[in-house]
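Please look through the sequence and the structure below before reading on.

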Amino acid sequence: MLRTTFNKIVQRKNSNFQLDPAVGIGSIVGFTFQKLISQFRGLRRIFSGNYSPTQFFGKNITLFNTSNIRMGNWVQIEDHCYLSGLGKGGIELGNNVRIGAFSRLVVGTSFDNLGEHIKIGNNVGLGEFAYLGGGGGLEIGDDCIIGQYLSCHPENHIFRNPTELIRLQGTTRKGIKIGNNCW
């Protein structure tokens with residue numbers, strides 16, 4: 001009965017899911033307990049007006065400028081992630097998005113030159129240790145799977161004048177768009 005119930009719950013998210021017969025009851029109970037704890041951690045979003053009971057947060061998640069972070073259903077943010085919605089458009093995560101552990105999504109870092117946005121479509125899996133910047137705008141389409149250590153920076157430092165400090169020459173920004181169904 002537990003196996004059948006587990007199958008039905010997961011099939012709400014993924015209709016093609018079928019529990020492998022080799023998975024033991026202990027693994028199912030352990031996984032379920034872990035997901036309940038991460039769902040409880042997601043309750044802190046209830047005050048932002050953008051809470052869903054299908055948002056799951058790992059340990060040590062930091063959210064900055066939460067009013068500018070929007071999340072769909074079945075969003076999983078794994079342990080030790082940092083999301084900063086400081087920017088014009090903030091961060092938008094579609095349905096069924098997973099952000100791998102130790103990842104950082106940072107729209108902008110400066111109050112005098114806000115970044116644009118980070119938009120991630122539906123059914124996207126982002127591997128561990130990713131860094132996504134949104135200075136010039138970053139968009140990732142639906143149904144993408146992304147491995148570990150992806151780094152996207154839609155801006156660049158100007159370095160035309162070799163006699164001037166590079167940090168004082170400013171930046172240029174140009175958005176990055178990753179289409180649907182990419183790996």
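Arginine 173 has a relative accessible area of 32%, and is therefore partly exposed, a class that lies between buried (under 20% relative accessible area) and exposed (over 50%), as found with a 1.4 Å probe on protein chains only. The model is a predicted one, in which local features need pLDDT of at least 70 and side-chain atom pairs count only at pLDDT 80 or more, while totals for chains, interfaces and linings use all residues. Residues are numbered from 1 along each chain as its sequence is written, and side-chain values use heavy atoms, with hydrogens and water left out.

**Salt bridges**

- A salt bridge is counted when a side-chain nitrogen of Lys or Arg lies within 4 Å of a carboxyl oxygen of Asp or Glu, and by this rule the count comes to 5 salt bridges.
- Arginine 173 forms one of them with glutamate 155, with 3.0 Å between the closest N and O atoms.
- Because glutamate 155 lies in strand S15 (residues 155–157) and arginine 173 in strand S16 (residues 171–173), this pair ties together parts that are 18 residues apart in sequence; strands here are DSSP runs of E with at least two residues, numbered from the N terminus.
- Glutamate 155 is partly exposed, at a relative accessible area of 37%.
- Glutamate 92 and arginine 70 meet through their side chains in a salt bridge of 4.0 Å, N to O.
- That pair links distant parts of the chain, since glutamate 92 is in strand S6 (residues 90–93) and arginine 70 is in strand S3 (residues 69–71), 22 residues apart.

**A linked network**

- Glu78, Arg98 and Glu128 are joined in a network of salt bridges.
- Glutamate 128 is in the loop between strand S10 (125–126) and strand S11 (131–133), whereas arginine 98 is in strand S7 (residues 98–99), so the pair ties together parts that are 30 residues apart in sequence.

**Nonpolar core**

- A nonpolar core is a set of buried Ala, Val, Leu, Ile, Met, Phe, Trp, Tyr and Cys residues joined through side-chain atoms within 4.5 Å, and the largest one here has 26 residues.
- The residues with the most contacts inside this core are Ile77, Leu83, Leu93, Leu105 and Ile120.
- Elements giving two or more residues to the core include strand S4 (75–77), strand S9 (117–120) and strand S12 (138–140).
- Leaving aside neighbours within four places in sequence, isoleucine 120 is in contact (heavy atoms within 4.5 Å) with residues including Leu93, Leu105 and Ile140.

Key: Helix = DSSP H or I, 4+ residues; strand = E, 2+ residues; numbered from the N terminus.
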